[in-house]
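These are my notebook entries from one sitting with a structure. I wrote down what I looked up and what I found.

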Amino acid sequence: MAQIDAFDIFILSAVLVGTVAYFTKGTLWGKGRTAFTLVGKSNGAAVASTATRSIITKLQDSDRDVVVFYGSQTGTAEDYASRLAKEGHSRFGLKTMVADIEEYDLEDLDTFPEDKVAIFVMATYGEGEPTDNAVAFYEFITGEDPTFSEMEDPEQPLKNLKYVVFGLGNNTYEYYNAVITRLNEALLKLGARRIGEVGMGDDGAGTMEEDFLSWKEEMWSEFANYVGVQEREAVYEPALKVEESELTIEDANVYLGEFNKGHLEGTESSPFLPHNPYIAPITLCRELFKSDSRNCLHVEIDLQDSNLKFTTGDHIAVWPQNSDKEVDRFLSVLGLTAIRDDVINVTPIDPTTKVPFPNPTTYDTVIRYHLEICGVVSRQFLASLAPFAPSDEAKTEITKLGNLKDYFSEVVSSRYLNIAQVLERISCGVTWSSVPFSLILESINHIQPRYYSISSSSYVDKTKPHITVVVESIPTTVDADPLKGVASNYLLDLKYKREGIKNPSPSAVSYATDGPRGKYKGNKVPVHIRHSNFKLPSNPATPIIMVGPGTGVAPFRGFVHERAAQAEAGVPVGTSLLFFGSRNRTEDFLYSEEWEALGEKLGERFKLVTAFSRQGPEKVYVQHRLVENAELVNKLLQDGAYFYVCGDASRMAKDVSASLAKIIAEQRGIAEEQGEEIVKSMRAQNLYQEDVWS
């Protein structure tokens, strides 16, 4: 055995500390942080902060009246929290701050001052789970017996806390808005006093934005009465300062899309996490559809040099960028084209505000890599732009769009217009050069990674995850461009550039696929891994039933490949029953050639049932095939099978769940209500798992 020298011990210790930090998120030593602990990243590097982990101290030191906490997975809850904070200040003169709930130890909420208010904007993620940044707080506050700092009143420790709550959820999930519901119940139980009603936004119904807008108007009215503040004329006051720099785009310390200082200097290192993704080579990108009008990509990503680990069923995040066309449009409508490469410094005016990207940087970089300029347009944001309209006619129109829900839906939502397209139409091409760039930075969401189910098995290959990506290009109206999926079209453009051919689609969009300073050359994309609870049974002999139409089949490709490899290695494996659906057998039967080969390896232990909705006189979907195979499905369930669903949540997942309850009821001779209760019980025992999206 080789001897271990001092350097080896140092390296092993560093790895151990890093591993603990990654899996505990710092909670093991969170309370012991000092005033100079590294708590954030600014200008691309971790910086010393005098911020405290006590929100009480933070409120007092910064002289704030209201703190708006957010629990966010995709950035929407963070955006709503920011909007509430800005509106509280502009309309009522409140001194507000926004807070990532993960950054504070909230055991001292029992000392929350009576003259201050806490607002909680919390998303529900997955099956009734808190978002990653809210896990520690949520588990603490909803625990059976949370212990606070002073506990002067054990029965009602939070009697001084006045609070407001808004939740973001999806009604296609069984546990709709569970996080905000349980948080509200916990706060009331602990003696806190709620202002206004519990707000709930529904992404599943597509009404999230309107739910938020209608809720906040009633909430602010009750808030003003409860707290005793008067509304004033809203005036925009920037929280960020944007200043031109003497640096040029050629300077080495100007950020041109790099995520942090390590990426800027070429010294990036693990652990690779959301704010420090790995620039991964794409080793294969091929077309799966046999269609002239639609695309679906099979992409293989090389993680060999990253130390990133994944297991079958996990997700991989791809960090996209905005297309050249939309970047050019956005710069043009704001009158920034001529100075797109000018260097700017962005700094906070309000010390509680964060700059969400490293700088110094350029206008082009911010718009290309950091802002969701193709995202959903907010009526509230449109209304805020009225004072900066280039003409009286434009001001009248944008005010009308901001105030009238139905008119906004007709003109903007139904056409899937992005903000630049809206502004172009309102002003007939005249630039909106008076809009402060700080307002743009404060109002448009920071660009978010797109998550894809890994469609390969870590048992087969631990270093090369695969993803299956349908390319989104949705026709809108005659007078509007197709709605293009940002990440999927980015990958499609990369594929065509990799092959050295021109995208044949007349509506194709191109991207800066070489990345900042050419760092993505060689077909590379920024990625990180998100671990999932969507997993195979620990015992390979357990049967599984999988329902995955379209790209919902992605994780099941990994599941079946894993079982085939286990069988070849002599491991006893259970039956794998897969229900797959698509439009047409000849055009979009994903991985058709692979299923046959896998069937040869697994024999009777694998069965594939297909549903092609546009190949017969009537449309047939996976839920119909499920019912047709009711006897086999019920038998496997009674043998202990796990049941998995992946794909569209809005209709398919609901229909599958209802069909399964019906199958159980009919096959076992019980009432349908009892079948539904059995399905609920399966969910509770993790025997029924979903990986779905709206």
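Are Phe556 and Phe559 buried or exposed? I found that Phe556 is buried and that Phe559 is buried too; buried means under 20% relative accessible area, exposed over 50%, and partly exposed in between, with a 1.4 Å probe and protein chains only.

I noted the ground rules next. The model is predicted, so local features need pLDDT of at least 70 and side-chain atom pairs count only at pLDDT 80 or more, while totals for chains, interfaces and linings use all residues. Residues are numbered from 1 along each chain as its sequence is written, and side-chain values use heavy atoms, with hydrogens and water left out.

Entry on aromatic pairs. Rings of Phe, Tyr and Trp (its six-membered ring) pair if their centres lie within 6.5 Å; planes under 30 degrees apart are stacked, over 60 edge-to-face, and the rest tilted. I got a count of 27 aromatic pairs by this rule. One of them is Phe166 with Phe212, which is edge-to-face at 5.3 Å centre to centre and 75° between the planes. Phe166 belongs to strand β7 (residues 162-169) and Phe212 to helix α6 (residues 208-227), so this pair ties together parts 46 residues apart in sequence. Helices (H or I, at least four residues) and strands (E, at least two) are DSSP runs numbered from the N terminus. Phe166 and Phe212 are both buried.

I went back to Phe556 and Phe559. Their ring centres are 5.7 Å apart and their planes are at 65°, so this pair is edge-to-face. Both residues lie in helix α16 (residues 554-568), three residues apart, which is about one turn of the helix. I also found them in one aromatic cluster with Phe534, Tyr642 and Tyr644.

Entry on helix α6. I checked its length: at 1.5 Å a residue, its 20 residues should span 28 Å, and the end C-alpha atoms are 27 Å apart, which agrees. The expected span is 1.5 Å times one less than the number of residues. Among the buried residues of α6 I listed Trp215, Met219, Trp220 and Phe223. Gly228 follows α6 and has a positive phi, near 85°.

Entry on Asn276. I located Asn276 in the loop between α7 (261-265) and β11 (278-287). How is Asn276 placed, buried or exposed? Asn276 has a relative accessible area of 11%, so it is buried. Its side chain reaches the backbone oxygen of Ser269 at 2.9 Å.

How values were computed
A polar contact is a pair of N or O atoms within 3.5 Å; within protein, one must be able to donate a hydrogen and the other to accept it, and residues adjacent in sequence count only if both atoms are side-chain atoms.
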